[in-house]
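Student: I'm new to this one. Could you show me how to read it, one feature at a time?

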Amino acid sequence: MKVITIKQPFATLIKEGLKEYEFRTWKTNYRGDILIHAGKSIDKVAMTKFEHLNLEYPTGCIIAKATITDCILIDDNFRKKLKLKNNLVYSGIIDDEEWNGYGFKLENIEEVEPIEINGKLSLWDYKEK
């Protein structure tokens, strides 16, 4: 199954259903199920922004499963949509008008029993046992 590694706190925000889009500078044609891997890297500024949620932020493990249903170019209209959807969660993308990239639409998000594993760049494959 395909996997995407995401820094904390963003992996947990996806697992909790608070973040429906994952952002990358590259486009994907992949549509289908994907595992969400919480990488070992942490965005310390973002962790402070979300500490009020009192969530756990594990690292170095797969924590959720989702479905990539779309890959959307980030433009001004999409930034406005994100601002209305959740200004706090998407503030980094909304506020940085210079950033160019894509939003991977994630649906059918489910928590899974954590699987400890090292992450990788891009989309990578995990062979379930």
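Student: How many bridges join β4 to strand β5, and how do the two run?

Tutor: Two strands pair if DSSP finds at least two bridges between them; strands themselves are DSSP runs of E, at least two residues, numbered from the N terminus. Here 10 bridges join β4 to β5 (residues 102-116), and the two run antiparallel. For instance, Cys-71 has Phe-104 in β5 as its bridge partner. One caution: this is a predicted model, where local features need pLDDT of at least 70, side-chain atom pairs count only at pLDDT 80 or more, and totals for chains, interfaces and linings use all residues. Residues are numbered from 1 along each chain as its sequence is written, and side-chain values use heavy atoms, leaving out hydrogens and water.

Student: Which strand pairs with β4 over seven bridges?

Tutor: That's β3 (residues 32-42), antiparallel to β4 (residues 61-73). There, His-37 has Ile-62 of β4 as its bridge partner.

Student: Is Thr-67 buried or exposed?

Tutor: Buried means under 20% relative accessible area, exposed over 50%, partly exposed in between (1.4 Å probe, protein chains only). Thr-67 sits in β4, and its relative accessibility is 13%, so it counts as buried.

Student: What polar contact does the side chain of Thr-67 make with Asp-33?

Tutor: A polar contact is a pair of N or O atoms within 3.5 Å; within protein, one must be able to donate a hydrogen and the other to accept it, and residues adjacent in sequence count only if both atoms are side-chain atoms. The Thr-67 side chain makes one with the Asp-33 side chain at 2.9 Å, and another, of 3.3 Å, joins it to the side chain of Asn-108.

Conventions: Helix = DSSP H or I, 4+ residues; strand = E, 2+ residues; numbered from the N terminus.
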